[in-house]
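Here's a quick tour of one structure, from a single residue out to the packing around it. Have a look at the model first.

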Amino acid sequence: MNLIALGGVIGAGLFVGSGVVIQSAGPAAVVSFLIAGLITVLIMRMLAEMTVARPALGSFYVYAREAMGNRAGFTVGWMYWYFFVIVVAVEAVAGGRILQLWLPNVPLWVLSLGLLLLLTATNLVSARSYGEFEYWFSSIKVIAILVFLVVGALYLFGVWPGSHGGVGNLVSHGGFAPMGIGAVLAAVVPCVGFYTGAEIVTIAAAESAEPRRAIAKAMRSIVFRVVLFYVGSVFVVVSVKAWNSPDTAVSPYAAVLDVLGIPAVSTIMNAIVLTAVLSCLNSALYTSSRMLFALTRNGDAPKMFTKLSRSGVPRRAIIAGTVIGYVSVIAAYTSPNLIFQFLVNSYGAVALFVYLAIALAQVRLRKRLQNTDPGALSLKMWLFPWLSYATIALMAAVILAMAFLPTTRSQFWLSAVTLALILIAYQFRKRRPAGPAATTETDATRGEAGVAST
(Lines give C-alpha, C1' and ligand atoms only; values in the text may rest on other atoms or scores of the structure.)
Protein backbone atom coordinates (compact mmCIF):
# COMPACT_ATOMS: atom_id res chain seq x y z
CA MET A 1 0.00 0.00 0.00
CA ASN A 2 2.87 2.38 0.74
CA LEU A 3 4.42 1.76 -2.66
CA ILE A 4 1.06 2.18 -4.40
CA ALA A 5 0.72 5.59 -2.74
CA LEU A 6 4.23 6.53 -3.76
CA GLY A 7 4.01 5.04 -7.23
CA GLY A 8 0.85 7.00 -7.89
CA VAL A 9 2.73 10.27 -7.43
CA ILE A 10 5.95 9.45 -9.28
CA GLY A 11 5.16 9.42 -12.98
CA ALA A 12 6.82 10.27 -16.26
CA GLY A 13 5.90 13.90 -15.56
CA LEU A 14 8.62 14.11 -12.92
CA PHE A 15 11.36 12.69 -15.14
CA VAL A 16 10.41 14.55 -18.33
CA GLY A 17 7.67 17.13 -17.73
CA SER A 18 9.54 18.86 -14.91
CA GLY A 19 11.90 20.27 -17.53
CA VAL A 20 9.10 22.46 -18.90
CA VAL A 21 8.43 23.87 -15.42
CA ILE A 22 12.12 24.57 -14.89
CA GLN A 23 12.32 26.44 -18.20
CA SER A 24 9.32 28.58 -17.30
CA ALA A 25 10.25 29.42 -13.70
CA GLY A 26 14.03 29.01 -13.50
CA PRO A 27 15.64 27.59 -10.34
CA ALA A 28 12.58 28.85 -8.42
CA ALA A 29 10.75 25.87 -9.92
CA VAL A 30 11.73 24.29 -6.60
CA VAL A 31 9.30 26.68 -4.93
CA SER A 32 6.58 25.88 -7.49
CA PHE A 33 6.91 22.16 -6.78
CA LEU A 34 6.93 22.83 -3.04
CA ILE A 35 3.71 24.88 -3.15
CA ALA A 36 2.00 22.28 -5.36
CA GLY A 37 3.22 19.54 -3.05
CA LEU A 38 1.78 21.28 -0.02
CA ILE A 39 -1.60 21.64 -1.76
CA THR A 40 -1.56 17.94 -2.66
CA VAL A 41 -0.59 16.95 0.88
CA LEU A 42 -3.51 18.95 2.28
CA ILE A 43 -5.96 17.34 -0.17
CA MET A 44 -4.62 13.88 0.67
CA ARG A 45 -4.89 14.57 4.39
CA MET A 46 -8.53 15.53 3.93
CA LEU A 47 -9.17 12.38 1.90
CA ALA A 48 -7.30 10.23 4.41
CA GLU A 49 -9.50 11.53 7.22
CA MET A 50 -12.63 10.40 5.39
CA THR A 51 -11.13 7.08 4.29
CA VAL A 52 -9.90 6.09 7.74
CA ALA A 53 -13.21 7.09 9.31
CA ARG A 54 -15.30 5.30 6.68
CA PRO A 55 -13.43 3.01 4.24
CA ALA A 56 -15.58 2.56 1.14
CA LEU A 57 -15.32 0.97 -2.27
CA GLY A 58 -15.09 3.97 -4.59
CA SER A 59 -13.54 6.23 -1.96
CA PHE A 60 -14.17 9.90 -2.78
CA TYR A 61 -17.00 9.04 -5.18
CA VAL A 62 -18.89 7.70 -2.16
CA TYR A 63 -17.91 10.65 0.04
CA ALA A 64 -18.95 13.23 -2.56
CA ARG A 65 -22.30 11.43 -2.92
CA GLU A 66 -22.89 11.37 0.83
CA ALA A 67 -21.76 14.92 1.43
CA MET A 68 -23.16 16.78 -1.58
CA GLY A 69 -25.83 14.56 -3.08
CA ASN A 70 -26.29 12.12 -5.94
CA ARG A 71 -25.42 14.63 -8.67
CA ALA A 72 -22.04 15.40 -7.10
CA GLY A 73 -21.26 11.71 -6.59
CA PHE A 74 -22.21 10.82 -10.15
CA THR A 75 -20.13 13.69 -11.53
CA VAL A 76 -17.04 12.98 -9.42
CA GLY A 77 -17.13 9.26 -10.16
CA TRP A 78 -17.46 9.62 -13.92
CA MET A 79 -14.93 12.47 -14.12
CA TYR A 80 -12.38 10.33 -12.33
CA TRP A 81 -13.17 7.32 -14.52
CA TYR A 82 -12.77 9.44 -17.65
CA PHE A 83 -9.51 10.90 -16.39
CA PHE A 84 -7.94 7.50 -15.94
CA VAL A 85 -9.19 5.92 -19.15
CA ILE A 86 -7.49 8.80 -20.96
CA VAL A 87 -4.37 8.15 -18.86
CA VAL A 88 -4.54 4.54 -20.10
CA ALA A 89 -4.52 5.84 -23.67
CA VAL A 90 -1.79 8.45 -23.17
CA GLU A 91 0.54 6.11 -21.29
CA ALA A 92 0.08 3.27 -23.81
CA VAL A 93 1.12 5.59 -26.63
CA ALA A 94 3.98 7.09 -24.58
CA GLY A 95 5.28 3.61 -23.71
CA GLY A 96 5.12 2.62 -27.37
CA ARG A 97 7.17 5.65 -28.37
CA ILE A 98 9.88 4.76 -25.85
CA LEU A 99 10.00 1.15 -27.03
CA GLN A 100 10.27 2.43 -30.60
CA LEU A 101 13.64 3.94 -29.69
CA TRP A 102 14.92 0.38 -29.28
CA LEU A 103 12.65 -1.19 -31.92
CA PRO A 104 12.51 1.44 -34.67
CA ASN A 105 11.17 -0.94 -37.30
CA VAL A 106 8.07 -1.88 -35.32
CA PRO A 107 5.01 0.39 -35.86
CA LEU A 108 3.98 2.54 -32.92
CA TRP A 109 0.47 1.13 -32.80
CA VAL A 110 1.79 -2.42 -32.49
CA LEU A 111 4.02 -1.55 -29.52
CA SER A 112 1.31 0.49 -27.78
CA LEU A 113 -1.26 -2.23 -28.31
CA GLY A 114 1.15 -4.83 -26.96
CA LEU A 115 1.72 -2.88 -23.73
CA LEU A 116 -2.00 -2.32 -23.30
CA LEU A 117 -2.82 -6.00 -23.78
CA LEU A 118 -0.04 -7.11 -21.42
CA LEU A 119 -1.08 -4.95 -18.49
CA THR A 120 -4.77 -5.53 -19.12
CA ALA A 121 -4.08 -9.26 -18.79
CA THR A 122 -2.32 -8.80 -15.45
CA ASN A 123 -5.18 -6.72 -14.07
CA LEU A 124 -7.72 -9.32 -15.17
CA VAL A 125 -6.07 -11.97 -12.98
CA SER A 126 -6.58 -10.43 -9.52
CA ALA A 127 -6.08 -7.31 -7.40
CA ARG A 128 -2.99 -8.99 -6.00
CA SER A 129 -1.57 -9.25 -9.52
CA TYR A 130 -1.97 -5.49 -9.94
CA GLY A 131 -0.37 -4.95 -6.53
CA GLU A 132 2.62 -7.14 -7.35
CA PHE A 133 3.32 -5.36 -10.62
CA GLU A 134 2.90 -1.95 -9.01
CA TYR A 135 5.18 -3.00 -6.16
CA TRP A 136 8.04 -3.68 -8.55
CA PHE A 137 7.36 -0.71 -10.80
CA SER A 138 7.27 1.62 -7.79
CA SER A 139 10.36 0.02 -6.27
CA ILE A 140 12.35 0.71 -9.44
CA LYS A 141 11.19 4.34 -9.50
CA VAL A 142 11.99 4.87 -5.82
CA ILE A 143 15.44 3.30 -6.14
CA ALA A 144 16.16 5.41 -9.24
CA ILE A 145 15.25 8.65 -7.45
CA LEU A 146 17.17 7.73 -4.30
CA VAL A 147 20.30 6.96 -6.35
CA PHE A 148 19.82 10.23 -8.24
CA LEU A 149 19.56 12.18 -4.97
CA VAL A 150 22.66 10.50 -3.52
CA VAL A 151 24.92 11.05 -6.53
CA GLY A 152 23.55 14.57 -6.91
CA ALA A 153 24.40 15.35 -3.29
CA LEU A 154 27.91 13.93 -3.74
CA TYR A 155 28.39 16.25 -6.71
CA LEU A 156 27.11 19.32 -4.88
CA PHE A 157 29.37 18.60 -1.89
CA GLY A 158 32.38 18.22 -4.20
CA VAL A 159 32.88 14.55 -3.43
CA TRP A 160 31.95 13.24 -6.89
CA PRO A 161 34.94 12.83 -9.26
CA GLY A 162 35.49 15.97 -11.30
CA SER A 163 32.97 18.06 -9.38
CA HIS A 164 33.64 21.51 -7.94
CA GLY A 165 30.73 21.52 -5.52
CA GLY A 166 28.43 24.35 -4.60
CA VAL A 167 25.01 25.53 -5.73
CA GLY A 168 26.07 28.49 -7.85
CA ASN A 169 23.72 27.51 -10.67
CA LEU A 170 20.80 28.56 -8.47
CA VAL A 171 21.66 32.24 -8.97
CA SER A 172 24.32 32.51 -11.68
CA HIS A 173 21.99 32.48 -14.71
CA GLY A 174 19.74 35.46 -14.15
CA GLY A 175 19.02 34.94 -10.45
CA PHE A 176 16.91 32.47 -8.49
CA ALA A 177 13.64 33.61 -10.08
CA PRO A 178 14.73 35.08 -13.45
CA MET A 179 11.20 35.03 -14.88
CA GLY A 180 9.63 36.77 -11.88
CA ILE A 181 7.35 35.68 -9.06
CA GLY A 182 4.37 35.52 -11.44
CA ALA A 183 6.04 32.74 -13.43
CA VAL A 184 6.78 30.84 -10.22
CA LEU A 185 3.13 30.97 -9.17
CA ALA A 186 1.91 30.11 -12.68
CA ALA A 187 4.15 27.03 -12.68
CA VAL A 188 2.26 25.73 -9.66
CA VAL A 189 -0.64 24.85 -11.98
CA PRO A 190 1.14 22.13 -14.01
CA CYS A 191 3.01 21.00 -10.89
CA VAL A 192 -0.27 20.12 -9.15
CA GLY A 193 -1.05 17.92 -12.14
CA PHE A 194 2.25 16.06 -11.70
CA TYR A 195 1.24 15.05 -8.17
CA THR A 196 -2.06 13.54 -9.29
CA GLY A 197 -2.25 9.86 -8.42
CA ALA A 198 -1.57 9.78 -4.68
CA GLU A 199 -5.30 9.28 -4.10
CA ILE A 200 -5.18 5.86 -5.82
CA VAL A 201 -4.15 4.32 -2.50
CA THR A 202 -7.55 5.15 -0.99
CA ILE A 203 -9.24 3.17 -3.76
CA ALA A 204 -6.85 0.24 -3.45
CA ALA A 205 -7.30 0.24 0.33
CA ALA A 206 -10.84 -1.10 -0.05
CA GLU A 207 -9.33 -4.39 -1.24
CA SER A 208 -6.65 -4.60 1.43
CA ALA A 209 -6.88 -6.65 4.62
CA GLU A 210 -6.68 -3.60 6.92
CA PRO A 211 -7.86 -0.50 5.02
CA ARG A 212 -7.84 1.89 7.97
CA ARG A 213 -4.32 0.97 9.02
CA ALA A 214 -3.00 0.97 5.44
CA ILE A 215 -4.38 4.42 4.66
CA ALA A 216 -3.23 5.97 7.93
CA LYS A 217 0.30 4.67 7.49
CA ALA A 218 0.58 5.66 3.83
CA MET A 219 -0.81 9.16 4.27
CA ARG A 220 1.23 10.00 7.37
CA SER A 221 4.46 9.54 5.44
CA ILE A 222 3.44 11.20 2.18
CA VAL A 223 4.67 14.63 3.34
CA PHE A 224 8.23 13.37 3.63
CA ARG A 225 8.04 11.62 0.28
CA VAL A 226 6.66 14.62 -1.58
CA VAL A 227 9.39 16.90 -0.24
CA LEU A 228 12.21 14.42 -0.71
CA PHE A 229 11.42 13.00 -4.12
CA TYR A 230 9.92 15.90 -6.02
CA VAL A 231 11.35 19.00 -4.39
CA GLY A 232 14.67 17.36 -3.56
CA SER A 233 15.32 15.96 -7.02
CA VAL A 234 14.30 19.18 -8.78
CA PHE A 235 16.66 21.07 -6.45
CA VAL A 236 19.48 18.75 -7.54
CA VAL A 237 18.64 19.36 -11.20
CA VAL A 238 18.72 23.18 -11.03
CA SER A 239 21.83 23.12 -8.80
CA VAL A 240 23.91 20.81 -11.01
CA LYS A 241 22.77 21.97 -14.47
CA ALA A 242 21.97 25.48 -15.70
CA TRP A 243 18.19 25.91 -15.76
CA ASN A 244 18.23 27.56 -19.21
CA SER A 245 20.19 24.79 -20.89
CA PRO A 246 18.33 23.14 -23.82
CA ASP A 247 19.22 19.74 -22.33
CA THR A 248 17.40 20.61 -19.12
CA ALA A 249 14.22 21.37 -21.02
CA VAL A 250 14.23 18.08 -22.93
CA SER A 251 15.22 15.67 -20.15
CA PRO A 252 16.39 17.32 -16.91
CA TYR A 253 17.44 14.13 -15.14
CA ALA A 254 19.38 12.83 -18.13
CA ALA A 255 21.10 16.23 -18.35
CA VAL A 256 22.32 15.90 -14.76
CA LEU A 257 23.53 12.33 -15.28
CA ASP A 258 25.44 13.55 -18.33
CA VAL A 259 27.18 16.22 -16.23
CA LEU A 260 28.12 13.52 -13.72
CA GLY A 261 29.71 11.53 -16.52
CA ILE A 262 27.53 8.46 -16.08
CA PRO A 263 27.70 6.29 -19.23
CA ALA A 264 24.67 5.22 -21.30
CA VAL A 265 22.61 8.12 -19.94
CA SER A 266 19.94 7.95 -22.62
CA THR A 267 19.40 4.23 -22.18
CA ILE A 268 19.17 4.53 -18.39
CA MET A 269 16.65 7.36 -18.48
CA ASN A 270 14.57 5.75 -21.20
CA ALA A 271 14.36 2.60 -19.10
CA ILE A 272 13.33 4.57 -15.99
CA VAL A 273 10.75 6.61 -17.90
CA LEU A 274 9.37 3.43 -19.45
CA THR A 275 8.99 1.97 -15.97
CA ALA A 276 7.15 5.11 -14.85
CA VAL A 277 4.88 4.91 -17.90
CA LEU A 278 4.07 1.23 -17.30
CA SER A 279 3.38 1.98 -13.63
CA CYS A 280 0.93 4.73 -14.58
CA LEU A 281 -0.71 2.50 -17.17
CA ASN A 282 -1.03 -0.32 -14.66
CA SER A 283 -2.53 1.96 -12.02
CA ALA A 284 -4.87 3.63 -14.51
CA LEU A 285 -6.33 0.28 -15.58
CA TYR A 286 -6.86 -0.72 -11.96
CA THR A 287 -8.29 2.61 -10.82
CA SER A 288 -10.68 3.14 -13.74
CA SER A 289 -12.13 -0.37 -13.32
CA ARG A 290 -12.69 0.02 -9.56
CA MET A 291 -14.31 3.39 -9.99
CA LEU A 292 -16.64 2.05 -12.69
CA PHE A 293 -17.50 -0.91 -10.46
CA ALA A 294 -18.23 1.44 -7.55
CA LEU A 295 -20.51 3.52 -9.79
CA THR A 296 -22.70 0.46 -10.42
CA ARG A 297 -23.50 0.06 -6.73
CA ASN A 298 -25.76 3.12 -6.76
CA GLY A 299 -27.10 2.69 -10.27
CA ASP A 300 -24.74 5.35 -11.64
CA ALA A 301 -23.32 2.90 -14.21
CA PRO A 302 -24.85 0.01 -16.20
CA LYS A 303 -25.60 -3.17 -14.26
CA MET A 304 -23.44 -5.26 -16.61
CA PHE A 305 -20.33 -3.95 -14.82
CA THR A 306 -21.42 -5.35 -11.45
CA LYS A 307 -20.19 -8.86 -12.22
CA LEU A 308 -17.01 -10.18 -10.65
CA SER A 309 -14.69 -13.02 -11.57
CA ARG A 310 -13.88 -15.87 -9.18
CA SER A 311 -10.95 -13.88 -7.85
CA GLY A 312 -13.14 -10.84 -7.16
CA VAL A 313 -12.02 -8.84 -10.21
CA PRO A 314 -14.53 -6.67 -12.16
CA ARG A 315 -13.28 -7.88 -15.53
CA ARG A 316 -15.97 -6.19 -17.59
CA ALA A 317 -15.11 -2.87 -15.95
CA ILE A 318 -11.41 -3.39 -16.74
CA ILE A 319 -12.14 -4.15 -20.39
CA ALA A 320 -14.45 -1.11 -20.61
CA GLY A 321 -11.60 1.09 -19.43
CA THR A 322 -9.38 -0.15 -22.26
CA VAL A 323 -11.84 0.68 -25.05
CA ILE A 324 -10.82 4.35 -25.23
CA GLY A 325 -7.24 3.15 -24.97
CA TYR A 326 -7.61 1.04 -28.10
CA VAL A 327 -9.38 3.88 -29.91
CA SER A 328 -6.62 6.28 -28.88
CA VAL A 329 -3.86 3.97 -30.07
CA ILE A 330 -5.53 3.97 -33.47
CA ALA A 331 -6.04 7.76 -33.29
CA ALA A 332 -2.38 8.33 -32.40
CA TYR A 333 -1.51 6.48 -35.61
CA THR A 334 -4.17 7.92 -37.95
CA SER A 335 -4.92 11.36 -36.45
CA PRO A 336 -2.22 12.41 -33.95
CA ASN A 337 -2.90 16.14 -34.32
CA LEU A 338 -6.69 16.06 -34.11
CA ILE A 339 -8.43 13.21 -32.29
CA PHE A 340 -5.52 12.21 -30.04
CA GLN A 341 -4.70 15.82 -29.19
CA PHE A 342 -8.35 16.44 -28.34
CA LEU A 343 -8.39 13.48 -25.94
CA VAL A 344 -5.21 14.68 -24.24
CA ASN A 345 -6.56 18.20 -23.71
CA SER A 346 -10.04 17.07 -22.64
CA TYR A 347 -8.83 15.58 -19.35
CA GLY A 348 -6.20 18.11 -18.28
CA ALA A 349 -8.25 19.80 -15.54
CA VAL A 350 -10.60 16.92 -14.69
CA ALA A 351 -8.50 15.55 -11.83
CA LEU A 352 -8.31 19.06 -10.33
CA PHE A 353 -12.12 19.26 -10.40
CA VAL A 354 -12.14 15.98 -8.45
CA TYR A 355 -9.62 17.32 -5.93
CA LEU A 356 -11.81 20.36 -5.31
CA ALA A 357 -14.81 18.06 -4.77
CA ILE A 358 -12.78 16.00 -2.26
CA ALA A 359 -12.02 19.13 -0.26
CA LEU A 360 -15.67 20.27 -0.27
CA ALA A 361 -16.86 16.81 0.76
CA GLN A 362 -14.41 16.65 3.66
CA VAL A 363 -15.73 19.86 5.22
CA ARG A 364 -19.30 18.58 5.19
CA LEU A 365 -18.55 15.03 6.32
CA ARG A 366 -16.23 16.19 9.10
CA LYS A 367 -18.96 18.33 10.62
CA ARG A 368 -21.42 15.44 10.30
CA LEU A 369 -19.04 12.90 11.88
CA GLN A 370 -18.26 15.22 14.78
CA ASN A 371 -21.95 15.14 15.67
CA THR A 372 -22.76 11.49 14.89
CA ASP A 373 -19.57 9.42 15.29
CA PRO A 374 -16.63 11.42 16.69
CA GLY A 375 -14.80 8.21 17.62
CA ALA A 376 -14.31 7.40 13.93
CA LEU A 377 -12.07 10.47 13.50
CA SER A 378 -8.83 8.76 14.50
CA LEU A 379 -6.89 10.59 11.77
CA LYS A 380 -7.89 14.24 11.42
CA MET A 381 -7.30 17.12 9.04
CA TRP A 382 -4.99 19.67 10.60
CA LEU A 383 -6.41 22.96 11.96
CA PHE A 384 -9.97 22.20 10.89
CA PRO A 385 -11.95 24.02 9.56
CA TRP A 386 -9.67 26.92 8.62
CA LEU A 387 -6.99 24.89 6.84
CA SER A 388 -9.71 23.02 4.94
CA TYR A 389 -11.19 26.32 3.77
CA ALA A 390 -7.71 27.52 2.76
CA THR A 391 -7.17 24.32 0.77
CA ILE A 392 -10.46 24.82 -1.06
CA ALA A 393 -9.44 28.38 -1.92
CA LEU A 394 -6.03 27.24 -3.18
CA MET A 395 -7.54 24.53 -5.39
CA ALA A 396 -10.10 26.98 -6.77
CA ALA A 397 -7.27 29.43 -7.54
CA VAL A 398 -5.27 26.75 -9.39
CA ILE A 399 -8.31 25.77 -11.48
CA LEU A 400 -9.14 29.43 -12.22
CA ALA A 401 -5.54 30.07 -13.25
CA MET A 402 -5.81 27.26 -15.81
CA ALA A 403 -8.59 29.19 -17.53
CA PHE A 404 -6.35 32.22 -18.10
CA LEU A 405 -2.83 30.89 -18.60
CA PRO A 406 -2.09 30.49 -22.35
CA THR A 407 -0.43 27.09 -21.88
CA THR A 408 -3.37 25.55 -20.01
CA ARG A 409 -6.38 27.48 -21.35
CA SER A 410 -7.38 24.85 -23.94
CA GLN A 411 -7.11 22.07 -21.36
CA PHE A 412 -9.38 23.95 -18.97
CA TRP A 413 -12.13 24.63 -21.49
CA LEU A 414 -12.10 21.17 -23.02
CA SER A 415 -12.17 19.71 -19.50
CA ALA A 416 -15.12 21.99 -18.79
CA VAL A 417 -16.85 20.47 -21.82
CA THR A 418 -16.21 17.01 -20.33
CA LEU A 419 -17.76 18.18 -17.05
CA ALA A 420 -20.79 19.62 -18.87
CA LEU A 421 -21.39 16.36 -20.76
CA ILE A 422 -21.26 14.37 -17.52
CA LEU A 423 -23.77 16.73 -15.91
CA ILE A 424 -26.07 16.27 -18.90
CA ALA A 425 -25.68 12.50 -18.58
CA TYR A 426 -26.83 12.76 -14.96
CA GLN A 427 -30.17 14.16 -16.11
CA PHE A 428 -30.74 10.90 -17.99
CA ARG A 429 -29.51 8.86 -15.02
CA LYS A 430 -32.13 10.48 -12.76
CA ARG A 431 -34.86 8.73 -14.73
CA ARG A 432 -33.53 5.28 -13.75
CA PRO A 433 -33.78 3.65 -10.29
CA ALA A 434 -30.65 2.71 -8.33
CA GLY A 435 -29.03 -0.59 -9.31
CA PRO A 436 -28.41 -3.71 -7.22
CA ALA A 437 -25.26 -4.67 -5.42
CA ALA A 438 -22.52 -6.58 -7.22
CA THR A 439 -23.00 -10.14 -8.42
CA THR A 440 -20.48 -12.68 -9.61
CA GLU A 441 -19.81 -14.55 -12.78
CA THR A 442 -19.41 -17.81 -10.92
CA ASP A 443 -22.00 -20.18 -9.57
CA ALA A 444 -22.62 -19.16 -5.96
CA THR A 445 -23.34 -22.76 -4.98
CA ARG A 446 -19.75 -23.69 -5.77
CA GLY A 447 -18.53 -21.33 -3.07
CA GLU A 448 -15.97 -19.71 -5.36
CA ALA A 449 -17.59 -16.35 -5.97
CA GLY A 450 -15.41 -13.27 -5.65
CA VAL A 451 -16.36 -10.70 -3.09
CA ALA A 452 -15.59 -7.02 -3.33
CA SER A 453 -14.28 -5.59 -0.08
CA THR A 454 -16.04 -2.55 1.31
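This is a predicted model: local features need pLDDT of at least 70, side-chain atom pairs count only at pLDDT 80 or more; totals for chains, interfaces and linings use all residues.

Residues are numbered from 1 along each chain as its sequence is written, and side-chain values use heavy atoms, with hydrogens and water left out.

Serine 32 sits in helix α3 (residues 29-53); helices are DSSP runs of H or I with at least four residues, numbered from the N terminus.

Here's what two residues touch, with contact meaning heavy atoms within 4.5 Å:

| Residue | Contacts, leaving aside neighbours within four places in sequence |
|---|---|
| Serine 32 | Ala25, Val184, Ala187, Val188, Cys191 |
| Phenylalanine 60 | Leu47, Val76, Tyr80, Glu199, Thr202, Ile203, Met291, Val354, Ile358 |

Phe60 is also among the members with the most contacts to other members in the largest nonpolar core, alongside Phe15, Phe33 and Leu292; that core has 144 residues. A nonpolar core is a set of buried Ala, Val, Leu, Ile, Met, Phe, Trp, Tyr and Cys residues joined through side-chain atoms within 4.5 Å. There's a second, separate core of 5 residues, including Ala92, Val93, Val329 and Ala332.

Methods: Buried means under 20% relative accessible area, exposed over 50%, partly exposed in between (1.4 Å probe, protein chains only). Helices (H or I, at least four residues) and strands (E, at least two) are DSSP runs, numbered from the N terminus.
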